[in-house]
Amino acid sequence: MTTPIDAIEVLVWGGGTGGVAAAIQAARGGASTLLFTPGRWLGGMVSAAGVCCPDGNELTPWQTGLWGAFLRELERREPEGLDHNWVSCFGYRPATAEAILQDWVRAEPKLLWWPGCRLLAVEREGSLITAVRVEVEGEQRRVRCQVVIDGSDRGDLLPFAEAAFRLGWEAQEQWGEPSAPSQERLNSEAFFREQPVQSPTWVVMGQLQSDRLRSDPSRGIDPDGSPHLEAPFEHACQSFGLERTITYGRLPGGLVMLNWPLQGNDWHWGLERAFSGDLNQEAELYGEMQAHGLRFAEALQEASGGWLQLGDGFPRESGSPAPWLAAMPYWREGRRMVGRSTVIEQDILPVSEGASCAPLPRNQSGDLQSIAIGNYVNDHHYPGSDWPLAAKSCRWGGRWTGTPFCIPYGCLQSDAIDNLLAADKAISTSHMANGATRLQPLVLNVGQAAGAAAALAVASGSTPCQIEAWDVQKSLLFDAQAPAAVAPDWQIAWHHTSWLDRQLCLMNKTVDRCTLISNIGSESAQIEPVHKRLQTIEGTLEPMSDQSYFLKMSDGAMLPVITLEPSVEAVLNQLSVPLEVSIVGTYNSAGPWILARTIMATKG
């Protein structure tokens with residue numbers, strides 16, 4: 001039973017990843033906060049939508065803020081560790097993520113959560129939202145508020161507030177984005193009308209029956225082969241083979257996240273129904289997406305001879321229609337608010353060929369405006385062949401990773417509504433840039449920044465548009481529970497004792513650190529990360545010409561070696577000849593790789 005209230009300081013609509021992060025951070029900042037969610041689970045894509053293999057912000061320099069805190073709590077709660085799949089270095093069960101988020105919400109005395117809400121109306125007076133009306137538990141409620149945050153996956157509050165937003169493609173002529181289509185193509189090709197947003201996915205949870213898929217020629221089962229699945233999945237296994245297609249999203253306990261982009265369970269048809277406001281059309285779309293995902297799972301189940309079965313990933317209380325179906329779709333894109341600044345493709349690309357970072361957003365005075373860091377490579381989902389995108393990746397730690405970029409504070413602010421912020425995929429970006437800004441880690445930290453800004457506005461009796469970026473940055477850098485980086489720094493892990501000094505140096509800021517540091521006691525509060533299943537592996541480390549590294553074992557086996565740690569990357573980068581070493585890390589058979597935490601020479 002929810003507690004009716006008439007007024008609140010910060011109101012957050014939507015249970016998306018960014019929405020729950022914003023609500024938690026606003027409450028931690030001292031503001032009375034109310035979180036409305038349409039579903040019974042929090043977290044959006046990180047839990048309810050089942051996208052449990054996070055992409056981006058994987059290196060320890062980027063593991064800061066609520067993303068870093070979330071990741072370390074996952075490591076503590078998953079007994080088998082997180083390194084099980086090959087699309088990401090992390091994988092966890094949806095219920096584990098949801099338990100963390102609900103625990104965090106319950107721990108905040110200033111935070112109320114109303115699940116099962118339907119948004120009815122947003123009231124405005126000029127450039128301010130004054131109240132929001134919702135239906136909850138069969139009754140209509142009106143709540144007055146000082147600051148409003150859209151924390152939904154699709155920007156659901158924006159049309160109710162009559163806030164300007166973008167939906168669909170922008171022509172290359174608008175901003176000069178290198179990967180955007182021309183206006184002539186937008187006008188003449190039906191594809192762009194049929195694909196107003198990136199294709200969503202209804203994730204299906206599978207369960208493996210053993211560690212590896214065994215070859216069985218009598219039944220036509222070849223782990224490395226490409227079985228001809230039923231239409232429209234005929235070539236789903238063509239690029240990677242049957243076993244790797246299935247283990248792409250392997251999770252603890254042998255669960256498997258089926259979220260396969262190559263003729264898999266992405267959904268491409270009738271997406272305009274998701275934005276029509278017609279609940280019947282939306283329900284029809286959801287039914288089609290679920291059926292499509294189940295057909296894909298059944299095709300893989302048959303091709304693998306039953307090695308893959310439907311899994312138990314979503315309990316009844318999640319609101320899921322079945323234990324193997326996510327409680328909501330994975331929306332990669334929705335309405336994008338028109339903000340006071342906009343991230344376009346050039347803002348996420350390296351400043352020049354071979355550069356390691358995108359341009360830093362600064363105002364006319366030269367002050368850094370960044371409030372969050374992302375590094376995803378940019379990835380768009382549509383039917384047919386891959387959309388050609390400008391490159392933004394580099395070799396680091398024996399693997400490919402994305403180059404970092406910044407989200408400026410202005411992208412969270414509505415251009416015309418002074419007390420409206422966005423905290424999820426509805427921040428102000430272009431369609432092309434959305435492919436890099438939409439991922440779980442970055443969205444968590446964007447939500448954290450939105451919540452921090454909202455709390456600062458309440459405390460100062462102002463609106464978010466009157467809060468300076470530096471004030472938000474200070475709140476994030478010196479946060480007592482989840483300090484968050486605002487400037488990209490490849491060289492320092494989140495747990496390094498010089499992390500805060502480096503952040504301030506990169507921002508060219510001098511502050512009274514004795515005063516500010518009192519908020520967190522001392523930097524010793526940042527402790528070494530927790531890792532499960534660590535083992536010591538010895539062999540000969542051999543560098544390759546493509547900046548990859550292999551450990552040659554005593555039996556002659558060659559295992560790829562990767563790392564997320566700057567200190568280990570420095571060792572690898574200096575390696576020019578084979579070296580006998582001892583590696584502390586974890587072995588992932590799905591990668592396959594050794595994820596190195598430390599490397600020490602054993603001879604010479």
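Guide: Happy to; we can start with the whole chain and then visit some single residues.

Guide: One thing to keep in mind is that this is a predicted model.

Visitor: Okay! How many helices and strands are there in the protein chain?

Guide: The protein chain has 16 helices and 21 strands.

Visitor: And how far does the C-alpha trace span along its principal axes?

Guide: About 75 × 60 × 55 Å. The radius of gyration is 24 Å, which agrees with the value near 25 Å that a compact globule of 604 residues would have.

Visitor: What share of the residues is buried?

Guide: Buried residues make up 59% of the 604 in the chain. As for the accessible surface, it comes to about 23,000 Å², and 49% of that belongs to carbon and sulfur atoms.

Visitor: What about contacts between residues at least 6 apart in sequence: what percentage join residues at least 24 apart?

Guide: That would be 72% of them.

Visitor: Switching to charges: how many positive and negative ones are there?

Guide: There are 45 positive and 69 negative charges, and their mean positions are 3 Å apart.

Visitor: Let's zoom in. Which residues of helix α14 are buried?

Guide: In α14, which covers residues 499-506, they are Trp499, Leu500, Gln503 and Leu504. Looking down the axis of α14, you would see these buried residues fall within an arc of 130°, so they line one face of the helix.

Visitor: Which other residues have a positive phi although they are not glycine?

Guide: Glu137 is one of them, with a phi of about 55°. Glu137 sits in the loop between β5 (128-136) and β6 (139-150). Gln263 also has a positive phi of about 55° and is not a glycine. You will find Gln263 in the loop between β9 and α9.

Visitor: What about Gly277: buried or exposed?

Guide: Gly277 counts as exposed, because its relative accessibility is 71% and the cut-off for exposed is over 50%. Gly277 lies in the loop between β9 (255-258) and α9 (279-303).

Visitor: How far apart are Gly277 and Tyr248?

Guide: In sequence they are 29 residues apart, and in space 35 Å from C-alpha to C-alpha.

Visitor: Now Glu108: where is it, and is it buried or exposed?

Guide: Glu108 is in the loop between α3 (94-106) and β3 (111-114). Glu108 is buried, because its relative accessible area is 13% and buried means under 20%.

Visitor: What does Glu108 touch?

Guide: Leaving out residues up to four places away in sequence, Glu108 touches Ile24, Ala27, Arg28 and Gln481.

Visitor: Last topic: where can I find cis peptide bonds?

Guide: One runs from Ala231 to Pro232, with omega near 5°. Pro232 is in the loop between β8 (204-208) and α8 (242-247). Another cis bond joins Gly591 and Pro592, where omega is about -20°. Pro592 lies in the loop between β20 (579-588) and β21 (593-601).

Visitor: Great, thanks!

Technical notes: Residues are numbered from 1 along each chain as its sequence is written. This is a predicted model: local features need pLDDT of at least 70, side-chain atom pairs count only at pLDDT 80 or more; totals for chains, interfaces and linings use all residues. Side-chain values use heavy atoms; hydrogens and water are left out. Helices (H or I, at least four residues) and strands (E, at least two) are DSSP runs, numbered from the N terminus. The radius of gyration is taken over C-alpha atoms; the globule rule is 2.2 Å times the number of residues to the power 0.38. Buried means under 20% relative accessible area, exposed over 50%, partly exposed in between (1.4 Å probe, protein chains only). Contact means heavy atoms within 4.5 Å. Accessible areas come from the Shrake-Rupley method with a 1.4 Å probe; for residues, only the protein chains shown count as cover. Lys and Arg count as positive and Asp and Glu as negative; His and the chain ends are not counted. The place of a charge is taken as NZ of Lys, CZ of Arg, CG of Asp or CD of Glu. The arc is that of the directions from the helix axis to the C-beta atoms.
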